Amino acid sequence: MGSARLYAAVAAGGFRRYATYRAATAAGVFTNTVFGLILVYTYLALWDERPHLGGYDQAQAVTFVWLGQALYATLAIQGGGFEIDLMERIRTGDIAIDLYRPADLQAWWLANDMGRAVFQLLGRGVIPFAFGVLCFPTALPGDPGTWLAFLVTLVLAMIVSFAIRFLVALSGFWLMDGTGALQVLMVTGIFCSGMTLPLNAFPGALGEAVRALPWAAQLQMPADVLMGEADPLPVFVFQAAWAVALLTAGRLVQSAATRRVVVQGG
Amino acid sequence: MAEDLRFAEPGRPAVVLEGLRTYRMIAGMWIRSTMAYRASFVMTALGGALVTGLDFVAILLMFSRVDSLGGYALPEVALLYGLSATSFGIADLAMGSAGRLGTRVRDGTLDTLLVRPAPVLAQVAADRFALRRLGRITQGAVVLGYALLALDVHWTAAKVLLLPVTVVCGGVIFSAVFVAGASFQFVAQDAAEVQSAFTYGGQTLLQYPPTVFGKELVRGVTFMFPLAFVNWVPAAYVLDRPYPLGLPQWAAFAPPLVAVGCWVLAGLAWRAGLRSYRSTGS
C-alpha cells in the first residue's frame, strides 16, 4: 500500500514537472498543429491517387495524421522523456544513489514517465486533435465502448514506449555517451511507429515486419482500434505481450548492469 | 545594450567583415574540437544523414504504391526534395546553432557573449558549430543528383544556371528563418519549439509539390513567409510546369531578391530582439 502511494507521488511529480512549462506546451501544440496540416495535405493527395491504400479511406487517413500529432509527445515517439535524465544519471554516476534508494528503479521511472505521458496527452494532444477534427473530415466512432478500448490501448502503448526507452537508457551503462543510442531510438521510433506513413500502407514484407515489431503497438494499433479497423482483444494481447517482454528484458539488463558494471565515480 | 559594450562603433561593412571573421574563428575552433573525436564525428554525421534520409524513404514508400503525387512523378518530387534538403542543410550548418539562443537566455550564458568585442550574432551562430551537419547536406545532394539524372528535362543555359543559384538562395532564406527564430527566442524563451514549425515544418512542406496543398497555405508560404522561392517556383521553371498561384514567368529568378529581403527583415528582428534583452541576472 505504502509503495503504491510512493509511485503515485512520483507520477504526480512527473505530471507537474511538465505542466510547469506552459509556454513550451503552447509552442508544442502550435508545432504539432502545423506538422499535422502539412501531413494531412500530403496524405489526402496520396489517398486521392490510391483510394483505400492500406484499407483506409481518406477520412481514416486524416484521423491517423491527427492522432499521430496528438500522441507524438505523449508516447515520446522520437524520444525526449525520462531516458535523457536517466542516461545523464548513469553518465555522472548519480545512478549509484538511485540504486540504494528503497524504491525499484524501473517502477520509479515508469511512474515518472506515466505522469509525463498523461500531462502531454492532455496538454499537447487534445488541442491539435480537436483542431484536426473540426477542420477536416475524420472517422471517429460514436460508441463509448470503442473509446474505452482506445484508452486501454493508449495506456498499453505508453508502457511499451517506456519499456523501449528504458532499455535504450540502460545502454548508457556500457556506452557512456548516449548520443548514438538516442539517434537509433529516434530513427526507429519515427519510422516503425507509423509517424511517416501508416504501417498498413507499407509495401509487402517490409509491412509485415514493421507490423510485428513493438513500435506497431504505439501509434498504429491505438489508431486501428479507434477507427474500428482492428478488434480490441488481439491488439491488447499484442501490446501486453510486448510490454511484458520488454519490461522483463529491462529487468534482466538492469540486473546485469548493476552486477557487472562499475559505476562512474564523481 | 550590446552595441554600447563594443569598444568602438565601426561602420556597417566593417561590422559584417568583423562578423565573418569572428564566425570563421569560432567555427574553426569547434571543428578542431570535433576532429579530436574522429570516430564520433563520422558516426554522428552518418546518423544525421540517416535520420533526414528517412523523409525520403517515406516518399519512396509512397511512390511504391502510386505513380504520381499531386501530378508530380518521383524524379520531380526528388528534385523538390533535393533542392529543399540541400538548402536547409546549408542553413542548418551555418545558422542552426542560433536555435539554441533560448537556452542561453534562460541560463544567463548569453551575457558572456555580450561582453566580448565581437558581433553577437556571429558568436551565437558559430557557437558549437556542428560539422556533422554536412551529413544532411550530403544526403540532400545525393537525392538532388538522383533527380537530375532521372529527370527528362530539356536543359537550357538558364535552367542549368538557376539550379546552383536556387540552392544558395534557399540556404540564405532558411538562414534568415533561423535568425528570425532566434530573435523570437529573446521574447519567447521556453517557446523555442515554435521555431521548428517554420524551419523543419517548412522543409517538410517544400518536399512535396505545391499542387498537394490548399491554396491558402500556398499563398501563405509565397507572399507572407516566402518559402516557395526556396524550390517550388524555380523548380516549376526547370520542370516547365505551371507556377503556383499563376505567378509571372520571371518569378523563378526572384530567389536572390527574396533572400536579400528575408535577411533585411531577419536583421531588423535580430536588432529588436537583442535590444529588448534583459539578463536573468544569474
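## Helices in chain A

Helices here are DSSP runs of H or I that cover at least four residues. With that in hand, take residues 64-82 of chain A: 63% of this span is helix and 0% is strand, and its end C-alpha atoms sit 26 Å apart. Keep in mind that this is a predicted model. Residues 146-168 of chain A come out as 100% helix and 0% strand, with 33 Å between the end C-alpha atoms.

Both spans turn up in the UniProt record, an unreviewed entry, which lists "transmembrane region" features in chain A at 21-44, 64-82, 121-140, 146-168, 180-199 and 233-253.

## A look at helix α2

Helix α2 of chain A runs over residues 22-49. Its 28 residues should span 40 Å at 1.5 Å a residue, and the end C-alpha atoms are 41 Å apart, so the two values agree. α2(A) is also mostly covered, with 22 of its 28 residues buried.

## Where the chains touch

Chain A brings 30 residues to the contact and chain B brings 31. On the chain B side, the elements giving two or more residues are α3 (38-65), α10 (194-198) and α11 (200-206). α3(B) gives the largest share, 11 residues. By type, the chain B side splits into 18 nonpolar, 10 polar and 3 charged residues.

## The nonpolar core

The largest nonpolar core holds 165 residues, and among those with the most contacts inside it are A:Y43, A:V160 and B:V77. Helix α7 of chain A (residues 144-170) supplies the largest share of this core, 15 residues.

What does B:V77 touch, leaving aside neighbours within four places in sequence? B:V77 is in contact with B:I59, B:L69, B:Y72, B:Y208 and B:P209.

Terms used:
Residues numbered from 1 in each chain as written. Chains lettered and ligands numbered in written order. Predicted model: local features only at pLDDT ≥ 70, side-chain atom pairs only at ≥ 80, totals over all residues. UniProt positions renumbered as here; feature names shortened; annotations may be inferred. Expected span 1.5 Å × (residues − 1). Buried ≥ 20, exposed ≤ 12 C-beta atoms within 10 Å, placed from the backbone. Contact = placed C-beta atoms within 7 Å. Nonpolar A, V, L, I, M, F, W, Y, C, P; charged D, E, K, R; others polar. Core = buried A, V, L, I, M, F, W, Y, C linked by C-beta atoms within 7 Å.
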